[in-house]
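Thanks for coming. Please bring up the model.

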Amino acid sequence: MARILVTGGAGYIGSHTRYFLEKSGHSVVVVDDLSRGFKQAVPDGALHQVDTRDTAKLTSLMRQERIEAVIHFAAYISVGESTQRPELYFSNNVCGSLSLFEAMLEAQVKCLVFSSTAAAYGIPAKVPILEDEPYAPINPYGESKVMVEKILEWLDRYREFRSIRLRYFNACGAEPQSGLGERHDPETHLIPLMLRAIQTGKPVTLFGDDYPTPDGTCIRDYIHVSDLAQAHIVAIEHLLGGGKSDVFNVGTGAGQSVKQVLAAVEKVTGKKVPHTIGPRREGDPPSLVADSRKLQNVLGWRPERANLEQIVADAWAFAQNVTA
Ligand code: UFG
């Protein structure tokens, strides 16, 4: 069992991964600057409020806590915001990551799992997407993740710094036992926005129904956050066991359209989702579906909660508690 530093552990995916790491017997130290995360998502005593750009603080924390490996979530994630303030994304996501890697090298910690994204592929030529699809980000958020992926490739080559890059598709749902769930401020993701539309009566806008897809709405690969968290656990254990650096997609391999998500939300909640159809959102590819067989074959990971209605039910249970 290892001592693992989780950056961004007060965020949505980071907090779920912290929960499952502890369940697997690892001990976890969380770093989060709380600029986007929630203090309540971290158990008392585990949180260190540190900006990842503070290399000296990270170095001494890793030494003091005898950290053996790092899972790095801390980043800004909004595509829209990244087009308005690219400098913010490069500073936090790229400079913050580089600072963390420098601190790790200084503290002799050389295993890292990195949160990357399907946004690294931009508008892919082939769907389902394989990991060897070239980097082609179309927004500063995706570019910031690609830059960090490239830094990690060089660190692996010249500094014996081993890393697993996980390219997430659409994280959603919540772990029912954990009390954790999806909370972004502002919220931009489809499922929480549909649930909120039910709760508030304020319609959600479906961004475009004229895509070249069977029902005209965009297709995405919705992956349960608990399955995504488990992917981090197999990845970090692979590295701790001496495994080599690699990159993996994390998705279910099944695509769902925006209208299919709407139907699932209505079925699970038993309520109509107030909605309107609006224009396309800039930069939305028509279809993003993962080929995640590599992760299944190499690390033995399996998505266990790929059922969309299950995902929505877990998200709905959390959403009802948050507003209660
Ligand atoms: N959508 C709507 N209305 C909304 C919000 C979303 O119709 O109010 C649609 C989007 O157009 C898209 C789908 O719902 O087709 C999913 O949108 P999300 O915003 O929930 O998620 P994205 O697919 O845009 O984003 C995800 C990750 C990003 C990552 C991106 C890669 O959350 O971090 O995939 O393209 F960058």
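How many nonpolar, polar and charged residues are in the lining of the largest cavity? By class, that lining has 4 nonpolar, 2 polar and no charged residues. The classes are as follows: Ala, Val, Leu, Ile, Met, Phe, Trp, Tyr, Cys and Pro are nonpolar, Asp, Glu, Lys and Arg are charged, and the others, Gly among them, are polar.

Before going on, the ground rules. This is a predicted model, where local features need pLDDT of at least 70 and side-chain atom pairs count only at pLDDT 80 or more, while totals for chains, interfaces and linings use all residues. Residues are numbered from 1 along each chain as its sequence is written, and side-chain values use heavy atoms, with hydrogens and water left out.

Back to the cavity. Its lining consists of Y222, T252, A254, Q256, A306 and L308, and its volume is about 30 Å³. The structure holds 1 cavity of 30 Å³ or more. On a 1 Å grid over the protein atoms alone, a cavity is a set of points where a 1.4 Å probe fits but cannot get out; a pocket is an open set with protein on both sides within 12 Å along at least five of seven lines, and lining residues have an atom within 4 Å of a point. Points are joined across faces, edges and corners, and volume is the space filled by probe spheres set on them.

Next, the second largest pocket, with about 270 Å³ of space. It has 17 lining residues, and E182, R183, P192, R196 and A319 lie nearest its centre. Two elements give two or more residues to this lining, α6 and α10 (308–323); helices (H or I, at least four residues) and strands (E, at least two) are DSSP runs numbered from the N terminus. The lining has 8 nonpolar, 4 polar and 5 charged residues.

Now the ligand. There are 21 residues around it, with T205, F207, R220, R281 and D284 coming nearest; the cut-off is a heavy atom within 4 Å. Polar contacts are pairs of N or O atoms within 3.5 Å; within protein, one must be able to donate a hydrogen and the other to accept it, and residues adjacent in sequence count only if both atoms are side-chain atoms. The side chain of R220 has an N or O atom 2.8 Å from a ligand oxygen. For H189, a polar side-chain atom lies 2.9 Å from a ligand oxygen.

β8 gives the most to the shell, with 4 residues.
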